[in-house]
Amino acid sequence: KFVVTYMRSTNGSAFVATISGTSLSFGSASTFASSSSANHINPVFDSNAGKVVICYTDTNNSSYGTAVVGTVSGTSISFGSPVVFQSANSKEMSVVFDSNSNKIIVAYKNDANSQYGTAVVGTVSGTSITYGTPVVFETGTSNDMKAAYDSNAGKVVFVYQDASNSSYATAVVGTVSGTSISFGTPVVFESSSSENFGVAFDSSNNKIVIAR
């Protein structure tokens, strides 16, 4: 199944899509955030827990970084209670599943801390998710974050625009241990103003591919 998330005029919603041959069919929409409150929506599948995790900015709650666990059954999806992972304005987020540690990692811009690039590790249990302590990976304004997981190296890679360094394209490697994450030194890979990134892991060649 596929899970499609989106913001409509009244709420944050998701529905389940099923492929059959060359056709798609859809279940009914389910609400995970009420009152038009979900921005910067990013879903990811936790293959260990068999759950979908939807991360978003909750504009009805001071734009706090929030996530909710979804369970697919047939053509429908149901949700646990939303849980805040950052009690501050959190946006431009990206989320990835680390299959080595079986954790969810969220990268985001923390407006309450000088817009620094920040990440937090989440653990899914049942229909809920708990978090470790947020960790800064870039002490500068970080925009347009994208994430990928390198299953060969067992590492997470974040790509972003470092607005505090001439908006250069930058990447950093993260290592998950327990409920925490540590980072190497950020590396500039394009010394020019860059944005609108795409990043993916090529498992045939064990390489990270970045588009901008």
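Which residue forms a salt bridge with Glu92? Lys109 does, with the closest N and O atoms 3.2 Å apart. The views below start from there. This is a predicted model, in which local features need pLDDT of at least 70 and side-chain atom pairs count only at pLDDT 80 or more, while totals for chains, interfaces and linings use all residues. Residues are numbered from 1 along each chain as its sequence is written, and side-chain values use heavy atoms, with hydrogens and water left out.

**View 1. Lys109 and Glu92 form a salt bridge.** The term stands for a side-chain nitrogen of Lys or Arg within 4 Å of a carboxyl oxygen of Asp or Glu. Lys109 lies in strand E10 and Glu92 in strand E9, so the pair ties together parts that are 17 residues apart in sequence. Strands (E, at least two residues) are DSSP runs, numbered from the N terminus. Lys109 counts as buried at 5% relative accessibility, whereas Glu92 is partly exposed at 25%. Here buried means under 20% relative accessible area, exposed over 50% and partly exposed in between (1.4 Å probe, protein chains only).

**View 2. Asp111 and Lys91 meet through their side chains in a salt bridge.** The N to O distance is 3.0 Å. Asp111 sits in the loop between strand E10 (103-110) and strand E11 (116-125), and Lys91 in strand E9 (residues 83-98), so parts 20 residues apart in sequence are tied together. Asp111 is partly exposed, at 24%, and Lys91 is partly exposed, at 23%.

**View 3. Arg212 pairs with Glu190 in a salt bridge.** Their closest N and O atoms are 3.0 Å apart. Arg212 belongs to the segment after E19 and Glu190 to strand E17 (residues 187-193), so this pair links parts that are 22 residues apart in sequence. Glu190 is partly exposed, at 26% relative accessibility.

**View 4. Phe189 and Phe197 form an edge-to-face aromatic pair.** The ring centres lie 6.2 Å apart, with 65 degrees between the planes. Rings of Phe, Tyr and Trp (its six-membered ring) pair if their centres lie within 6.5 Å; planes under 30 degrees apart count as stacked, over 60 as edge-to-face and the rest as tilted. Phe189 is partly exposed at 33%, while Phe197 is buried at 5%.

**View 5. Ser13 is a buried residue of strand E2.** Its relative accessible area is 0%. The side chain of Ser13 makes a polar contact (3.0 Å) with the side chain of Arg8. Such a contact is a pair of N or O atoms within 3.5 Å; within protein, one must be able to donate a hydrogen and the other to accept it, and residues adjacent in sequence count only if both atoms are side-chain atoms.

Notes. Helix = DSSP H or I, 4+ residues; strand = E, 2+ residues; numbered from the N terminus.
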